[in-house]
Amino acid sequence: MSNDGPANSHWTPTRPHGESRPCLPRPASRAGLFASLALAVTVACAPPANDAASAGEASSQSAAATQPVEADHFVPSTPENVTWGWFPIDKEPVLRVRSGETVRVNTLTSAGATQDENPVDFLTGLGIPREEIHQDVLDFWASRDGRPRDVGGGHLITGPIHVEGAEPGDVLEIEILSVETRANWGINSTGARSGVFSTSYPGFREGDPALDIPPESGRHVIRTGVVDGVEVAFLADDIHVPLEPFMGILAVAPDPAMGQPGVTAPGVQGSTPPGAFGGNLDVKHLKTGTTVYLPVFHPGGLFYVGDPHGAQGDGEVSGTAIEQSLTGTFRLSVHQDRSIEAPMAENDEHYILMGIDIDLDRATRHATRAVVDFLVEEKGLTPAKALSLASIAVDFRINEVVDITQVVSGFIPKSVFLR
């Protein structure tokens, strides 16, 4: 696109392999990052006349706080539906859906389900009553034998879900319609050498002191509940943290190659580092009302979701959030004849462009370039004007710094654009 293109030009990346396939009918998306794609689908697929009403209904659902919404399908977090610590690319899908359909998914925190000790003994020993321990925690723990270990992560991940028509080079759109807590407790872990204080942390220097945290005081069971209509975490009697539940992991099946972060064997992508496929992004803003876009690497996309969090600060500096089992409801839609190279997202207020790298400075550079490219291609700015806007109006937020690769996101405010 020319640097001095029209202000209302749209971001329309090209498909890498140049294939042309019939588009899939899907509900119209809200205007925004993929407005041009929604238009293309409308012209090519001739959606029904009541499509605008469907779009309004979808927008209303997306804006709902954390209230349950109806879904076309449901996936429980049973042992056969859950993977431990990696993203299999050849696992039989737990569900097959059509583009535009909705699915409600249970996710399971690893806290209590993956330790060596029996979960009833472990969790009741932490003060969690037996009746508050979900059966799927017990079932997964009992299924651990024979599962791959030491594959690069400890997360429990539900999936994959096959989306009909998705092919490599397409884009999978994930509308987050609701995220709800399944339990009234979560666990946060801290340690003298955890998170950014680890000796393996990239910023560590010989002689850097550890924190004064004895091992026995490093595991925190955090109760959650509702106060004055707001769901909160009770960190202490006089400290209430508002819950903002989100899925730390939103992913498609990756395209792992030896030498990439977290690839521990041919075809094995560990769950710790995020990447182009999404994964363990730990971006707390990917919550109810947000839409996420991921590049597709395998037929069907193969959507995975997990690492549920009740609340987290930007950075996740201890290495964990409130690790708390959640249920999420998503609309999964395929965009064909378009491609992206990295995860991106949007909500009602912002376009969110992500930079991911082992080096935090490089992650910031990647995020800045993604913002500039977006402003040039979607908004018709010159690179000079785009970088100027990035510097005076875009917030670059450190989302997580503890998962090998680090995530920085540029939040472009939609309010600055008058049309």
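Modeller: A strand here is a DSSP run of at least two E residues, and strands are numbered from the N terminus. Strand S14 (278–280) and strand S15 (291–295) are such runs, and Asp282 lies in the loop between them. Please keep in mind that this is a predicted model.

Biologist: What makes the phi of Asp282 worth a remark?

Modeller: Its phi is near 55 degrees, a positive value in a residue other than glycine. Glu316 is not a glycine either, yet its phi is positive, at about 50 degrees. Glu316 lies in the loop between S16 and S17.

Biologist: How do you know whether Asp282 counts as buried or exposed?

Modeller: Buried means under 20% relative accessible area. Asp282 has 1% relative accessibility, so Asp282 counts as buried. Glu316 has a relative accessible area of 5%, so Glu316 is buried as well.

Biologist: Why is Val241 called partly exposed?

Modeller: Partly exposed covers the range between the limit for buried, under 20%, and the limit for exposed, over 50%. Val241 stands at 33% relative accessibility and therefore counts as partly exposed. Val241 is placed in strand S10 (residues 239–242). Together with Leu235 and Ile239, Val241 makes a nonpolar surface patch of about 230 Å².

Biologist: What does the pair of Trp84 and Phe140 tie together?

Modeller: Trp84 lies in strand S2 (residues 82–84) and Phe140 in helix H4 (residues 135–142), so the pair ties together parts that are 56 residues apart in sequence. Trp84, with a relative accessible area of 11%, is buried, and Phe140, at 0%, counts as buried too. The pair of Phe303 and Phe330 is judged in the same way: the ring centres are 5.6 Å apart and the planes stand at 70 degrees, so this pair is edge-to-face. Phe303 lies in strand S16 (residues 303–309) and Phe330 in strand S17 (residues 326–335), so parts 27 residues apart in sequence are tied together. Both Phe303 and Phe330 are buried. Phe87, Phe277 and Tyr304, in turn, form one aromatic cluster.

Biologist: What makes strand S19 (residues 350–357) mostly covered?

Modeller: Eight of its eight residues are buried. In a regular strand the side chains alternate between the two faces of the sheet. In S19, His350, Ile352, Met354 and Ile356 are on one side and Tyr351, Leu353, Gly355 and Asp357 on the other, and all are buried.

Biologist: How do you know that S19 and strand S21 (residues 405–413) pair?

Modeller: Two strands pair if DSSP finds at least two bridges between them. Eight bridges join S19 to S21, so these strands, which run antiparallel, pair. Gly355 stands opposite Val408 in S21. Strand S18 (residues 344–346) and S19 pair over three bridges, also in the antiparallel sense. A hairpin through three residues joins S18 to S19, and Ala345 stands opposite Ile352 in S19.

Biologist: In which sense do strand S1 (residues 73–75) and S4 pair?

Modeller: They pair in the parallel sense over three bridges, with His73 opposite Val103 in S4. S4 and S17 are joined by six bridges and run antiparallel; there, Gly328 in S17 is the bridge partner of Val105. Strand S4 (residues 101–106) is mostly covered, with six of its six residues buried.

Conventions. Residues are numbered from 1 along each chain as its sequence is written. This is a predicted model: local features need pLDDT of at least 70, side-chain atom pairs count only at pLDDT 80 or more; totals for chains, interfaces and linings use all residues. Side-chain values use heavy atoms; hydrogens and water are left out. Patches are made of residues with over 30% relative accessible area and no salt bridge: like charges are joined within 9 Å, nonpolar side chains (Val, Leu, Ile, Met, Phe, Trp, Tyr) within 5 Å. Accessible areas come from the Shrake-Rupley method with a 1.4 Å probe; for residues, only the protein chains shown count as cover. A salt bridge is a side-chain nitrogen of Lys or Arg within 4 Å of a carboxyl oxygen of Asp or Glu. Helices (H or I, at least four residues) and strands (E, at least two) are DSSP runs, numbered from the N terminus. Buried means under 20% relative accessible area, exposed over 50%, partly exposed in between (1.4 Å probe, protein chains only). Rings of Phe, Tyr and Trp (its six-membered ring) pair if their centres lie within 6.5 Å; planes under 30 degrees apart count as stacked, over 60 as edge-to-face and the rest as tilted.
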